[in-house]
Amino acid sequence: MSEPLPLVVYDALEDQVVALERDGYVFFPHMLSKEEIRTLRGSMGRLEADAAQYDRHTDPDEHGFMNKSINNVFNRDPVFLPYLDRPGVIEVTEAVLGEDAHVIGMTAWLTGPGRPEQGIHVDWQPLTLPEDIMADPRVRIPVYITTAHFYLDDIYEALGPTQFIPGSHRAGRTPQHGETMWHEIQPRSIICNAGDVVLFRSEVWHRGTANTSDRVRYLLQVHYARRIITQKFPPYLNRFQFDPKILSQATERQKRLMGDHRPSNYD
Ligand SMILES: O=C(O)CCC(=O)C(=O)O
Ligand SMILES: [Fe+2]
């Protein structure tokens, strides 16, 4: 097994942006207090999956492992609102995706013992280009979509860390036929602490690994995109409704991140 990724901390916003663009991810330590972690875990544990909203909650006896994922939790409990625009993360997000960036999803995700390793993948590949073109330093593909992982456990190998292949977004393509390395660079684990955050661009090669422990891993994912990329709040065709009680507690910036935009292209 490869060594864990060194968790380099960049303090200045411009260095954080450079890391995200160059490595494909950027690490933020100690973003949440113990109290916040406890509150988030409590709420995530209590939330009930609603199949109509495309949530999942598997029965370990049938599925092999417990997998609970609840979509768009900012609309389920006001405790999630502050994670739309967590200071420290939101500045990098807006710097790379624009001042009118928005949240395209927010998932509370619990993965139980027995979860298998994922294949190396990208979450979304904006375009495909030959590798020699991608290697030209003049070619700079904008970041279109990012995800923040708010880790709510002290992560160790058996709990199933996320692994990244640094710089692999410059492959200019998705991994093919079970490829597990890019340019001989192996996937390496993020072994971090509860309350740490990793923000990554959608086309960096990565995977979630197997949970071989006897514990459940708690992860809050916040997906951000440029405003022109659609939000993904199921169920569709008018059936997703914002909870007015939660909206009334949101700040102007949080409302913008949920979609309350000023008119722009195509509006
Ligand atoms: O579980 C993880 O750590 C990563 C999950 C992931 O990459 C995905 O589901 O797309
Ligand atoms: Fe992924």
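This is a predicted model: local features need pLDDT of at least 70, side-chain atom pairs count only at pLDDT 80 or more; totals for chains, interfaces and linings use all residues.
Biologist: How many bridges join β5 and β10?

Modeller: β5 spans residues 145–151 and β10 spans residues 217–225. Ile145 stands opposite Ala225 in β10. The two strands pair in the antiparallel sense, and the bridges number 7.

Biologist: Which residue in β4 stands opposite Lys68?

Modeller: Start from β2, which pairs with β3 (residues 67–70) over 2 bridges. There, His57 stands opposite Lys68 in β3. β3 also pairs with β4 (residues 102–111), over 4 bridges. On the β4 side, the residue opposite Lys68 is Leu110.

Biologist: At what angle do the axes of α1 and α4 cross, and with which hand?

Modeller: Helix α4 holds residues 90–97, and its axis comes within 10 Å of that of α1. The axes cross at roughly 60°. The crossing of α1 and α4 is right-handed.

Biologist: Which residues of α4 are met by α1, and how does the contact divide by class?

Modeller: From α1 come Leu13, Gln16, Val17 and Leu20. In α4 they meet Glu91, Val92, Ala95 and Val96. By class, the contact has 6 nonpolar, 1 polar and 1 charged residues.

Biologist: Which strand gives the largest share of the shell around ligand 1?

Modeller: The ligand is surrounded by Asp123, Thr162, His206, Arg207 and Gly208. By class the shell has no nonpolar, 3 polar and 2 charged residues. The largest share is 3 residues, from strand β9 (residues 206–208).

Biologist: What is the bridge partner of Phe164 in β9?

Modeller: β9 belongs to an open antiparallel sheet of 3 strands, ordered β7-β6-β9. β6 (residues 162–164) pairs with β9 over 3 bridges. In β9, the partner of Phe164 is His206.

Biologist: Is Arg46 buried or exposed?

Modeller: Arg46 is found in helix α2 (residues 34–46). Arg46 has 9, so Arg46 is exposed.

Biologist: What is the phi of His183, and what is that of Asn238?

Modeller: Most residues other than glycine have a negative phi. His183, in the loop between β6 and β7, counts as exposed with 10 C-beta neighbours inside 10 Å. Asn238, in the loop between β10 and α6, is exposed with 6 such neighbours. Both values are positive: about 50° for His183 and near 75° for Asn238.

Biologist: Is the peptide bond from Pro234 to Pro235 cis or trans?

Modeller: Pro235 lies in the loop between β10 and α6 (244–247). Most peptide bonds are trans. From Pro234 to Pro235, omega is near 0° and the bond is cis.

Notes
Residues are numbered from 1 along each chain as its sequence is written. Chains are lettered from A and ligands numbered from 1 in the order in which they are written. A residue is near a molecule or strand if its C-beta atom, placed from the backbone, lies within 6 Å of it. Ala, Val, Leu, Ile, Met, Phe, Trp, Tyr, Cys and Pro count as nonpolar, Asp, Glu, Lys and Arg as charged, and the others, Gly among them, as polar. Two strands pair if DSSP finds at least two bridges between them. Axes are lines fitted to C-alpha atoms, for helices over the stretch in contact, and angles run from 0 to 180 degrees between N-to-C directions. A crossing is left-handed if the near helix is turned anticlockwise from the far one by less than a right angle, and right-handed if clockwise. Two residues are in contact if their C-beta atoms, placed from the backbone, lie within 7 Å. A residue is buried if 20 or more other C-beta atoms lie within 10 Å of its own, exposed if 12 or fewer, and partly exposed in between; C-beta atoms are placed from the backbone.
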